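Good morning, colleagues. Please keep the sequence and the structure in view while I speak.

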Amino acid sequence: MTDPNEEIEKQNVEKRSQVDTHTPAEKLADVSLDPEIRSDNETKGIPEAESSLTSDVSEDVAPAVEEFMAVAAEQNEAAAEEIAAQDNNVEVAPYISFEDVSKAFGDLKVLEGVSFFVKPGETLCILGRSGVGKSVSLQMLMGFLKADSGRIRVAGEDICAFNEKQMQEIRKKVTMVFQNGALFDSITVGENVAFPLREKGELDEEQMRQIVKGLLEMVGVAGMDDLLPSDLSTGMKRSVAIARALASQPEAVLYDEPTTMVDPLMAHLLGNLIMRLKDQLHLTSIVVTHDMRLAEKLADRIFFLHEGKAVFFGTMEEMRKSKDPIVQEFLDLDDLVLPV
Ligand SMILES: Nc1ncnc2c1ncn2[C@@H]1O[C@H](COP(=O)(O)OP(=O)(O)OP(=O)(O)O)[C@@H](O)[C@H]1O
Ligand SMILES: [Mg+2]
């Protein structure tokens, strides 16, 4: 039997070699600007998830957003190559990993010897019941919480002994979309998204306005620039949080339950967006979710947490074949709730 990890690696190498024939700018510009090409795609039945990231962006700001995204895509490809070059083996080194990580809060053991990895450009979905430590795991990757033992790698570096200043550098590459969005309440939606752009200080006001407008259109909340976060629904806040994350041109995004508490249409839109970000920006992602449909759509690998332990780590196909009763129960329940 072939090793599933090798198989994924092979598929990703194939995918990369296919896309490498076009520059990121060409790929992003592909369908977004020319309405004829767009309608051609529609008639050919090219699925929404495969359409260009900027296909919902208005024409006046599309060139600026495409340029911005192209820079991000190039940077992510370069970062992936750098990490690959770190390793002398044929196997690509992980971008993010937990190795035998444990974490307790007082007597409450949350994680006990947990291991998983995410390679550059891949998506890992973390599944598990409420309270098993999914959000805690993401917070440890961001350096907001420290592991009691084990090794954590982020952006290819061992962060366990990192101080706050070093973590701030890591957080420029890896950003998190929190369950509640974690927007700045006192400034407008537009200023929230502009925040990372202002911090970088590379763009003038007009360029920033264009990027903010385009990013908000991309995530499905067009024209909300002047509202305050308190004026938005949960789903809209989540979308704005994704737009703000993208404004920082990250190499990796950690999404904490991106589709919970939003309507099915918004969930569909956000799911497709995460997939397109992966395909077109080569973003490395971790998606914490209870949504099996989303996991099926996005995951290169699944990590299933239960009672502090990793009961499963592998592909969706392997998960379906897993004999583990806990995994099976989760899958059966999901089939009951959401019949195919
Ligand atoms: N800072 C903290 N101090 C003490 N206990 C904490 C802290 N953060 C989380 N916990 C506890 O750790 C456990 C795991 O919490 P976590 O938020 O990771 O769950 P989760 O898997 O994300 O659940 P959900 O699906 O409901 O979001 C919970 O019992 C929680 O109460
Ligand atoms: Mg959580």
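Let me begin with a term: two strands are said to pair when DSSP finds at least two bridges between them. The model before you is predicted, and in it strand β6, residues 174-177, pairs with β7 in the parallel sense over 4 bridges. Within β7, Leu254 is the residue that Met176 stands opposite.

How many bridges join β7 to strand β8? There are 5, and these two strands, β8 covering residues 284-288, also run parallel. Here Asp256 stands opposite Val288 in β8. From β7 the chain crosses through α10 to β8, in a β-α-β crossover that is right-handed.

Is β7 mostly covered or mostly open? Strand β7, residues 252-256, is mostly covered, with 5 of its 5 residues buried. In a regular strand, side chains alternate between the two faces of the sheet. In β7 both faces are covered: Ala252, Leu254 and Asp256 are buried on one side, Val253 and Tyr255 on the other.

I turn to the helix of that crossover. Helix α10 holds 18 residues, 264-281, and at 1.5 Å a residue it should span 26 Å; its end C-alpha atoms lie 25 Å apart, which agrees. Its buried residues include Met266, Leu269, Leu270 and Leu273, and Arg276 and Gln280 are among them as well. Just after α10, His282 takes a positive phi of about 55°.

Why does Leu305 count as buried? Leu305 has 25 other C-beta atoms within 10 Å, and a residue is buried if 20 or more lie within that distance. Beyond its neighbours within four places in sequence, Leu305 is in contact with Ile126, Gly128, Val132, Gly133, Lys134 and Ala310. The C-alpha atoms of Leu305 and Val132 are separated by 6.5 Å, although the two residues are 173 apart along the chain.

Finally, the whole protein. The secondary structure comes to 13 helices and 10 strands, and 44% of the 340 residues count as buried. Of the contacts between residues at least 6 apart in sequence, 66% join residues at least 24 apart.

Terms used
Residues numbered from 1 in each chain as written. Chains lettered and ligands numbered in written order. Predicted model: local features only at pLDDT ≥ 70, side-chain atom pairs only at ≥ 80, totals over all residues. Buried ≥ 20, exposed ≤ 12 C-beta atoms within 10 Å, placed from the backbone. Contact = placed C-beta atoms within 7 Å. Expected span 1.5 Å × (residues − 1). Right-handed = clockwise from strand over helix to strand, strands pointing away.
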